[in-house]
Amino acid sequence: MQFETMSEFITMDGHGLYVWLSYGIGVSIIVGNLVLPLFKRKELMKSLARRLRRENNTQ
Amino acid sequence: MAELCTNSAESSMRKLFSAVLKRDLLLSFRRKSDLVNPLIFFVMVATLFPLGVSPEPNFLAEVAPGVVWVAALLATLLSLDGIFRSDYEDGTLEQVILSPQPLMVVCLAKVIAHWMTTGLPLALMSPLLGVMLFLPATAMLGMVMSLLIGTLVLSLVGAIGAGLTVGLKRGGVLISLLVLPLYIPVLIFGSGAVQAAVAGLPLEGYLALLGAMLALGMVLAPFAISASVRISVSG
Amino acid sequence: MAGSSWLPRWFFQLASPRWCYDITGKLLPGFFVAAILLVVAGVVWALAFAPPDYQQGNSFRIMYLHVPSAILAQSCYMLMAVAGAVGLIWKIKVADMVAYACAPIGASIAVMALATGAIWGKPTWGSWWVWDARLTSMLILLFLYMGVMALYAAMDNESMAAKAASVLSLVGLVNIPIIKYSVEWWNTLHQPATFTLTEKPAMPIEMWLPLLVMVIGFYCFFSVSLMLRLRNEIIRRERRSGWVRELIASK
Amino acid sequence: MLEPLLRVIDLYCERDERILFEGLAFDLSCGELMQIEGSNGSGKTTLLRILSGLSGDYEGEVFWRGKPVAKVKDDFFSSLLYFGHQPGVKGMLTPVENLQWYSAIHPALLVERINCALEVVGLKGYEDVPCHSLSAGQNRRVSLARLYMNTAKLWILDEPFTAIDKKGVAAKERLLADHVASGGSVILTTHHDLTSCGAVTKVNLDQLMGT
């Protein structure tokens, strides 16, 4: 552990803003890349299921 | 048929190349606006800089290499859409694809014709812009030379984008999106050559680099252009 | 597929969307766990345990995001172009789908590399943006990604869009070394002797070990994201085949 | 001839989520005239584009003289003359220049027959008028003049008779009949009834339409 206290860890010798900002952006892009496809899958499944029902009804 | 078969493949290629080249040149000379519009655009863009930034001679002389090159690049970009568009719309492009002749030769001939009607006049007219932007007289030759080689690379690379977007209704903006990033090396070395000419440094290195890009483009671009045209027409 | 018998069998098995869907389904959990573990461990290590840089202090910790994302953005482009070429040459649909799935991931990773680079630049150079060679070529890489994505978006016909985008990404792949070289050269000409972000003489081991963890973690994360998108794409394009209908009906 | 000129096996094609045809199969032998029929949107043009090799977006096999078309592209293209929706005529060029260019890109088109062909299609005297000042029908006739100057074996014609008057149609039918009689083959779509061409094989796409 390079830091003695929590506040030291957060301020990072004055570079806290930059470090935390970039980690925030990085993590949100990573999470976004995992969550978005999952949402899209849900939507896709729903619309395809609807479509399948429609086709079964018309036949 | 008999005399066609006895002809060697090479001379038939040459005949095809010159026929396509001749036709495209003829077409641009019949429609003068194709020929003149990029040139007017070239001059207008270069005029915007003194008006928009500063008419101060020292400043202008400093930015002149970049301005001339950016203007030439944009002028080429504007004219790209026309390489295949009209042929696509009137159905001659599909006839080219259906001919037993190699599409690559036809594409290369069309690109050369495009360069001869845009890049070549741009390069020849650039000293006028150089004077307007207070570029030292010693740099003129370097500028013309770099533009002569560079605009041909621009036409080759741009034709790939033109081929990819020719089947789309609104290909104009998309072309710039596809092609501009690929133009950056040419811009860097082209304007670098002019800057070197301004500073009185030797030019050969820059021209050799541009020439290397041209050689690479001449070898590889026809493949990509013919592939992209085929894809667009088959859709 | 006559004339390509020299290719191993799994290559063509992979070409079957169904087989590909099944195998990615089996691989996903493992990669997911690995990605989470490695990235979390890497982030904690990088933030709390890695020693600060003697010149840049704690802002140096941004490197643990910037460098892996820059590497990943480039590999992703390469994968996109190679997958596109495979799709173009052997007419393998799955390869086209891989290429299609690569584009948005690669673009977002390139954005990440640019954003972290810019933020890192502020304490290091004193400004948010510097025309540094690495950042500039990353920006151009982002433009290349955007061109590919715009081309996909502009074409309605899927197989045509896939072919066109493959040609474009291959052209871009040939261009990337030229762009990199020219930008580096241009940068040294215009900005002599500024110190660059990452080129350090011999990083100590406790500094680059977390970096290694992060790089591997990023690759795992990329595989997970790619597989998720690929599976969506397989389902969407194969929606009329029997097995997808069964799959949907069983849900 | 033992082998048919063109053989189509199990052709399947869909566009925009709609199956245009599936399991389409036919043979075209030398000296045969085939008319593709079907209502609007039944995929006539698409079929012609597939047969001519313009579109590769299909499943199934097309054989040219017993070999897959993709393998014998050169031979196939040099024996093919395709007449598409657009006339393929440059407005800025004169009829003669248009045809000269065609003969440059297609070795089966004989350049020395240009004048003769233009005379037959009734464009004598228009040789040096730019095509954009000709009428639509005249433009189509410029393109049709290619039929009179070629040695290609297979003609694929998409609506060759639109915008052409009665007299012209009769002449075209005669031309098709001559071509067939001399051992050539024709695949065409048209709304006209072909009366004077002899035997016509008909392929109806409506019956083949999928569900």
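I began with helix α1(D), where K44(D), T46(D), L47(D), L48(D), R49(D), I50(D), L51(D) and S52(D) are buried. I'm working from a predicted model here. The helix spans residues 44-52 of chain D, and with eight of its nine residues buried I noted it as mostly covered. I then looked just past α1(D) and found G53(D) with a positive phi of about 90°.

Next I went to chain B for T117(B). I found T117(B) in helix α7, which covers residues 103-117 of chain B. Is T117(B) buried or exposed? Its relative accessible area is 8%, and buried means under 20%, so T117(B) counts as buried. I also checked where its side chain goes. The T117(B) side chain reaches the backbone oxygen of A113(B) at 3.0 Å, and it reaches the backbone oxygen of H114(B) at 3.0 Å too. Leaving out residues up to four places away in sequence, I listed L25(B), S28(B) and L35(B) as what T117(B) touches.

Last, a helix pair in chain C. I looked at α3(C), residues 63-90, against α4(C), residues 93-125, and their axes come within 8 Å and cross at roughly 160°. Angles over 145 degrees count as roughly antiparallel, so I put α3(C) down as roughly antiparallel to α4(C). The crossing of α3(C) and α4(C) is left-handed. What do the residues of this contact divide into? I noted 21 nonpolar, seven polar and one charged for the contact of α3(C) with α4(C).

Technical notes:
Residues numbered from 1 in each chain as written. Chains lettered and ligands numbered in written order. Predicted model: local features only at pLDDT ≥ 70, side-chain atom pairs only at ≥ 80, totals over all residues. Heavy atoms only, no water. Helix = DSSP H or I, 4+ residues; strand = E, 2+ residues; numbered from the N terminus. Buried < 20%, exposed > 50% of the residue type's maximum accessible area, 1.4 Å probe, protein only. Polar contact = N/O pair within 3.5 Å; in protein donor to acceptor, adjacent residues only side chain to side chain. Contact = heavy atoms within 4.5 Å. Axes fitted to C-alpha atoms, helices over the stretch in contact; angles between N-to-C directions. Parallel < 35°, antiparallel > 145°, perpendicular 65-115°, else oblique. Left-handed = near helix turned anticlockwise from the far one by under 90°. Nonpolar A, V, L, I, M, F, W, Y, C, P; charged D, E, K, R; others polar.
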